[in-house]
Amino acid sequence: MTTAAPARRRRWPVPPSLLVGLAPMVVFAAISAWRARPSDDYPTLGQTVDSVVRSLVVPEGIAAVALCLVVTALGWWRIATVDPTRTRLGWTWLAPALIAVVCLVRLPLVEWSALPGHYFLLLAVGVLFVGVFEELMTRGVLLVGLRRRLPEFGVWMLSCVLFGLLHLLNALAGAGLGATLVQVVFAASFGSTLYVARRLTGNLLLPVLLHAFWDFGSIGLSATTDVHDPSKLALVGVVGLFSFAVLAFGIVAGGVIAWRDDRPRRLRRRWRTVPPMAAYAVLGDEPRLQSVTW
């Protein structure tokens with residue numbers, strides 16, 4: 001007589017939690033602050049092959065792999081990378097489309113002959129690691145935690161703000177305070193467009209690619225631009241001003257998407273359940289007004 005094998009116990013994922021959603025960002029900020037040194041020269045980040053390897057490929061690759069292992073252990077891959085519903089606001093496609101246009105416009109401004117070919121290959125790998133890590137952390141795990149406690153408008157706003165504040169750590173790595181504050185505002189605005197990209201496609205692939213493409217052009221341009229060429233600097237400045245306008249549009253698009261998603265929640269709070277008529281029925285032993293007969 002054969003006995004049935006015991007049923008294998010199913011491993012359930014960790015329930016969504018605000019604290020768990022914030023944990024990777026807090027840990028990353030603590031490690032970055034611990035590794036930073038006052039003597040670090042942040043403006044030279046990504047300017048050479050050695051800098052790309054030491055400052056991008058190796059640390060960002062390790063961080064991306066570590067975060068992927070954490071998401072696997074939590075069982076959050078589905079909820080962190082896929083949205084159950086996509087937004088139907090088609091006009092918001094203009095926000096990520098304009099970001100892609102800015103990235104494409106910057107490519108001809110890069111002096112491709114100024115650095116060896118393997119520099120750009122390593123840079124592409126490094127910024128791809130950055131895109132995977134930062135998007136999975138902020139537009140993935142963080143969103144899961146925030147959605148546990150906040151309406152979607154609050155999720156959108158707080159995720160953008162925290163993504164921007166995360167760049168304050170650059171001040172500890174040698175960046176100027178003024179430039180860092182500008183980068184905080186810039187990153188928070190960019191985060192809104194990346195949020196829009198996730199809500200439009202329903203997954204993290206487009207935000208990762210846009211993030212990597214943006215960083216590739218930004219670092220490649222700063223590494224090869226001749227500061228003594230006024231015509232080149234003028235073109236870079238025009239592209240920068242256009243970028244701010246594009247990011248402002250991304251803020252509007254992200255806010256409208258999140259506000260529209262909260263409409264059912266607002267209606268539920270406005271139109272509360274009306275008590276049944278029986279709740280207002282007059283009991284038999286209670287005094288009543290006498291009826292008047294004519």
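Q: Does H2 pass H5 in a left-handed or a right-handed crossing?
A: Quick heads-up: this is a predicted model, where local features need pLDDT of at least 70 and side-chain atom pairs count only at pLDDT 80 or more, while totals for chains, interfaces and linings use all residues. Residues are numbered from 1 along each chain as its sequence is written, and side-chain values use heavy atoms, leaving out hydrogens and water. A crossing is left-handed if the near helix is turned anticlockwise from the far one by less than a right angle, and right-handed if clockwise. For H2 passing H5, that makes the crossing left-handed.

Q: At roughly what angle do the axes of H2 and H5 cross?
A: Helices here are DSSP runs (H or I, at least four residues), numbered from the N terminus. Axes are lines fitted to C-alpha atoms, for helices over the stretch in contact, with angles from 0 to 180 degrees between N-to-C directions. The axes of H2 (residues 49-74) and H5 (residues 117-147) come within 8 Å, crossing at roughly 35 degrees.

Q: How far apart are the closest N and O atoms of Asp 83 and Arg 147?
A: Side chains of opposite charge can pair when their charged atoms come close. A salt bridge is a side-chain nitrogen of Lys or Arg within 4 Å of a carboxyl oxygen of Asp or Glu. Asp 83 and Arg 147 form one, with their closest N and O atoms at 2.7 Å.

Q: How many residues apart are Asp 83 and Arg 147?
A: Asp 83 sits in the loop between H3 (77-81) and H4 (94-106), whereas Arg 147 is in H5.

Q: Which Glu forms a salt bridge with Arg 147?
A: Arg 147 counts as partly exposed, because its relative accessibility is 29%. Its Glu partner has its closest O atom 3.0 Å from the N atom of Arg 147. That partner is Glu 152.

Q: Which helix holds both Arg 139 and Glu 135?
A: The side chains of Arg 139 and Glu 135 meet in a salt bridge (2.7 Å, N to O). Arg 139 counts as buried because its relative accessibility is 0%, and Glu 135 is buried too, with a relative accessible area of 0%. They lie four residues apart, about one turn of the helix, in H5.

Key: Helix = DSSP H or I, 4+ residues; strand = E, 2+ residues; numbered from the N terminus. Buried < 20%, exposed > 50% of the residue type's maximum accessible area, 1.4 Å probe, protein only.
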